[in-house]
Amino acid sequence: MGYKAKFRVWRGDAGEGELKDYTVEVNEGEVVLDVIHRLQATEAPDLAVRWNCKAGKCGSCSAEINGRPRLMCMTRMSTFAEDETVTVTPMRTFPVIRDLVTDVSYNYEKAREIPAFDGGDVKPGEFRMQQVDVERSQEFRKCIECFLCNNTCHVIRDHEENKEHFSGPRFLMRVAELEMHPADVQDRRQIAQDDFGLGYCNITKCCTEVCPEHIKITDNALIPMKERVVGRRYDPLVWLGSKIGVVKRGKSTPKA
Amino acid sequence: MTQTTVDAPAKDRARIPARTLRTDRWWSYPLTTFIVFTAWVIYATVRSMMGSSFWVEKYHYLTPFYSPCVSKACPADAADFGRFVPDHLPFFIPYALISLPFLLGFRLTCYYYRKAYYRSFWLTPSACAVPDKSPVRKTPGRYSGETRFPLILQNAHRYFWVIAALISIVNTWDAINAFHGEDGGFGIGLGTIILWVNVILLWGYTLSCHSCRHVMGGRLKSFSKHPVRYWLWTQISRLNTRHGQFALITLGTLALTDAYVALVAHGSFSDLRLFN
């Protein structure tokens, strides 16, 4: 059965704007994105929204629904009470282009800084990877790059000046994935700390909490990476071992 | 056709005046954590400094807050690891001074507790998508996460883990000692079971640690070349998914075990005996 829902949608550009109230029809089985599309089709034809697959796989329709970073296409209207006002705002961490559309180019800039996979001397076709090793990085490959994790991470959300030296959970996870790759010959532990800002992460697990792919970003990528960085930089026994020649330390990879 | 250039839009975040638009009870987790942790710290501090009601002579029950009991003030049977600390120290020096500071360090640097107290005590942030309320927020550039002293010391977690594992062996020894009957032979009471439940859960907490997971196999680049360590890593990973639960449950079991031993030692009630 359909009903009329109360919606508040942020409208504006270049930071200036306001929350506008709408009353819009909702039908059974619909998600927030359907309602936003109905708004476009009726009261607000100029409402800007980025979307693509409507199946939670393209990562385009990231927004904040009732203050929580979510994909609009994966947020069912049945999770709200009929008399509840649903507030939809753009992701707060990124600059607004218009209405619900944000400029996420920060993420692409950070992605470019990560040194690519380096297989060393392995020739094409020579390397064989076992399933147990594949599984480890496969979890991270589920990422749809919706950037909800980077949006919710307080290191850049609340301290914008950190954007310069913090890549956010999404790209620290990428560094961890390459660092754990059995064929990759680079040592990314120093740049993880110095250039990508792993030390700024205080593991409050918000990235894991908002991930629509349910990737255990903190437990399986960030904390293992922090432990690896400890082994490289902060462990006095490892340091002593390297001084007396028991532990061999290779060269650290510079950032791309 | 004339080409026109459109200026790129000015870059600015949406200026939404509301601090957060969250409508759920996001404050309940940090508030509950704050109350529970504060209450626990007060209880543990008072109990570990009390210097009494920590040992039940008849059944050899020793509370974990006094294990190992190394003060000269400890009864001989409670001090299996020697009594080498003078007994006229200030009241705030606990009898188990060789274990408690390390156990505190283990929990303070634990990845689960870090999340919990950064959220509930530091408010950095108190909940996801709720603004950071720490004082550094007001000064741009002051947020340094875990990169500077004192929080850089969180990186010592693996060392605290090793010591905590050794202390868990001591706690296991205490639980074995608790199979002590009234006539001096074998016996089992409710206290024995409580001590064993506590020590098993303590092992669960210690072995599910993220540093343990790293040491067992997480640090490897290739699992397929190290099948034994891969197997160990998978077992620890299973426990690790419940690390937070173990962390909280053991807070409860530690306090309950201590309270039970204290009440029996004080004579408030007698131990329920199942055998001898």
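Predicted model: local features only at pLDDT ≥ 70, side-chain atom pairs only at ≥ 80, totals over all residues.
**Entry: extent of the contact**

I began with the contact between the two chains. I found that 65 residues of chain A and 56 residues of chain B take part in it. I then looked up the area: about 5100 Å² is buried between chain B and chain A, with 51% of it on carbon and sulfur atoms.

**Entry: polar and charged pairs across the contact**

I looked next for pairs that join the chains. Between chain B and chain A I recorded 35 residue pairs in polar contact, both residues being at pLDDT 80 or more. I also recorded seven salt bridges between chain B and chain A. One of them joins Arg15(B) to Glu16(A), whose closest N and O atoms are 2.4 Å apart.

I asked which helices of chain B supply at least two residues each to the side that touches chain A. They are H3 (111–122), H4 (157–177), H6 (210–218) and H7 (227–240). The helix that gives the most is H6(B), with six residues. Sorted by class, the side of chain B that touches chain A holds 23 nonpolar, 17 charged and 16 polar residues.

**Entry: annotated segments of chain B**

I consulted the UniProt record, an unreviewed entry, for chain B. The record places the feature "transmembrane region" at residues 26–46, 92–113, 159–179, 185–206 and 246–269. I compared two of these segments with the model. Residues 26–46 of chain B are 90% helix and 0% strand, and their end C-alpha atoms lie 32 Å apart. For residues 159–179 of chain B I noted 90% helix, 0% strand and a distance of 32 Å between the end C-alpha atoms.

**Entry: salt bridges over all chains**

I counted 32 salt bridges over all chains. I examined the one between Arg8(A) and Asp21(A), where the closest N and O atoms are 3.6 Å apart. Arg8(A) belongs to strand S1 (residues 3–13) of chain A and Asp21(A) to strand S2 (residues 16–26) of chain A, so this pair ties together parts that are 13 residues apart in sequence.

**Entry: aromatic pairs**

I found 28 aromatic pairs over all chains. Phe94(A) lies in the loop between strand S5 (85–89) and strand S6 (96–98) of chain A, while Tyr106(A) lies in helix H2 (residues 105–112) of chain A, so the pair ties together parts that are twelve residues apart in sequence.

**Entry: backbone details in chain B**

The peptide bond from Ser67(B) to Pro68(B) is cis, with omega near -5 degrees. I located Pro68(B) in the loop between strand S2 (61–62) and helix H2 (100–109) of chain B. The bond from Phe149(B) to Pro150(B) is also cis, with omega near 5 degrees. I placed Pro150(B) in the loop between H3 and H4 of chain B. The loop between H3 and H4 of chain B also holds Ala129(B). Phi of Ala129(B) is near 65 degrees, a positive value in a residue other than glycine.

Methods
Residues numbered from 1 in each chain as written. Chains lettered and ligands numbered in written order. Heavy atoms only, no water. Contact = heavy atoms within 4.5 Å. Buried area = accessible area lost by both parts, 1.4 Å probe. Salt bridge = Lys/Arg side-chain N within 4 Å of Asp/Glu carboxyl O. Polar contact = N/O pair within 3.5 Å; in protein donor to acceptor, adjacent residues only side chain to side chain. Helix = DSSP H or I, 4+ residues; strand = E, 2+ residues; numbered from the N terminus. Nonpolar A, V, L, I, M, F, W, Y, C, P; charged D, E, K, R; others polar. UniProt positions renumbered as here; feature names shortened; annotations may be inferred. Phe/Tyr/Trp six-rings, centres within 6.5 Å; stacked < 30°, edge-to-face > 60°.
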